[in-house]
Amino acid sequence: MAKLLVKLQRYFRRKPVRFFTLLALYLAAGSLVFLHSGFAGEPTVTGSQRGPGAGEGPGLPYLGVMQLSRGFKAAVTMPEGGRRHGPWFKSTSKELAERAKAGDYGSTRSRALRGRSGREKEEDRARYIGCYVDNTRRRTLRGVSFFDYKKMTVFRCQDNCAERGYLYAGLEFGAECYCGHKIQASNASESECNMECKGERSNTCGGVNRLSIYRLELAQESARRYGSAIFRGCFRRPDNVSIALPVSQLMLNMSVDKCVDFCTEKEYPLSALAGTTCRCGFPTTLFTLHEREDEQLCAQKCAGEEFESCGTAEYLLIYQTQVQDNRCMDRRFLPTRAKQLVALASFPGAGNTWARHLIELATGFYTGSYYFDGSLYNKGFKGERDHWRSGRTICIKTHESGQKEIESFDSAILLIRNPYKALMAEFNRKYGGHIGFAAHAHWKGKEWPEFVANYAPWWATHTLDWLRYGKKVLVVHFEDLKRDLFVQLQRMVGLLGITACEDRLLCVEGQKDGNFKRSGLRKLEYDPYTPEMRKMISGYIKTVDTALKLRNLSGVPDDYYPR
């Protein structure tokens, strides 16, 4: 036996091609055996035993809103005596009948048929309504919206809209999701909704200016109630109330949820309770929502709910509904090449992405970036892909702090944030993604001390370099932007050379958080900063504070101290 093996070894050494040919044949034979073991045929099924795709070919098993796009199962007609199985495939006749009834066997079909079958199978959760025309200036679905140019699926869109209590979910351009309570457009041909979902090739996600719309059958009634609305406060009735809040309804049995539901149905973002009158409208220069009153002035009990307040004829209780204010949602590239390059400069973790979101809404133009971040592009920052010198974007995000890089820009908005919070935000981004959080192991391990030692000095030198080398620098503190968004955004837009439309800025206030902002820092069970870290960072704060005051600018905000 040993001699035989030695002879075979010598033979294959002299003729390696034959060796690899035999090896390939061996693997192919093994694959055929494996495929045979998983082979399952399509029995002849009649009448009610067919799946929902009757007349369209056998159906595939349904997973959420996704259809399996490929499989090993082939459709064959088996003799009455039963069906053959591979040696490792065992199923009872009862199981087979159940699988056949559930549509567990399928053949290759077109994407359109798979999508149609998916819509029909999902009727217990969402029912497909049809393909509709959409307009970027006046949306068909006017609730919240979000984009994902990499992972959008039908289920994800439906789930997000249902969570917020909307009745309809619509998908457009393969990656855009829109929610709403009312469809305000005409039908389009089904053939015009022809774009695959970016995260689910087997389903259709609308088309160019075309929405694939679903009615969410399981949207909870309670989710549409005022629990999903945002309380804005108590405000004095505006002078021209019929113009400021143009839609009204007398409600003798008034409650918060009735007024919110009424304004939501009318597609208005503001719901105002005035005793027994419900009013709806938009924030405008006539009603800015900037001067809040003491809530006790609105503390009149509702006629329809004794534990709720419904305001009075003079003092209105305001709730922001789930209807999206679309007056500031249109964005595009600059129509002509920009003559100057404006930087949106900040230390990492200082809120640059949030500031970009605000600037895009306020100006209607995309912002660019010194870098390319695919995750930001996929979330709707379309200027991310442009070269930073293209001149097509209103300003350029950058974290650079060298003299050469700074002098490349003609002017800059310098965004400064409390270093204690900026360092934690950047650490979370580095180890948890743009809207994620670092694990406790990272905070407790060596990563955090090393990060602080390397990044804390950069926080100071970044600001000092921009103050020293920047040609025209507007300093904006992150904390001031959060506290007084309207005024600070006016300053920023002014530097960009855009005339600020007040109604548009008021719209931005209602959409300020966007879909790409970390929802607050996760509370740690301990303070991650050691006394040595605090001493070092406090020294950097004093250095930056002095540099700002030497240029006749306000120093750092008071909440940077004490530490």
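Tutor: A crossing of two helices is left-handed if the near helix is turned anticlockwise from the far one by less than a right angle, and right-handed if clockwise. Here α11 passes α13 in a right-handed crossing. Helices are DSSP runs of H or I with at least four residues, strands are runs of E with at least two, and both are numbered from the N terminus. The model is predicted, so local features need pLDDT of at least 70 and side-chain atom pairs count only at pLDDT 80 or more, while totals for chains, interfaces and linings use all residues. Residues are numbered from 1 along each chain as its sequence is written, and side-chain values use heavy atoms, with hydrogens and water left out.

Student: At what angle do α11 and α13 pack, and how far apart are their axes?

Tutor: Two packed helices are described by the angle between their axes and the distance between the axes. Helix α11 (residues 419-432) packs on helix α13 (residues 447-469) at about 125°, with the axes 10 Å apart. Axes are lines fitted to C-alpha atoms, for helices over the stretch in contact, and angles run from 0 to 180 degrees between N-to-C directions.

Student: Which residues make the contact?

Tutor: Contact means heavy atoms within 4.5 Å. Among them are L423 and F427 of α11, and W448 and W459 of α13.

Student: And in what order do the strands of the open sheet lie?

Tutor: Strands pair if DSSP finds at least two bridges between them. The five run β16-β17-β15-β18-β19, with parallel pairing. β16 and β19 each have a single partner strand, so one side of each is left without a neighbour in the sheet. β18 (residues 411-416) pairs with β19 over five bridges, and I413 stands opposite L474 in β19.
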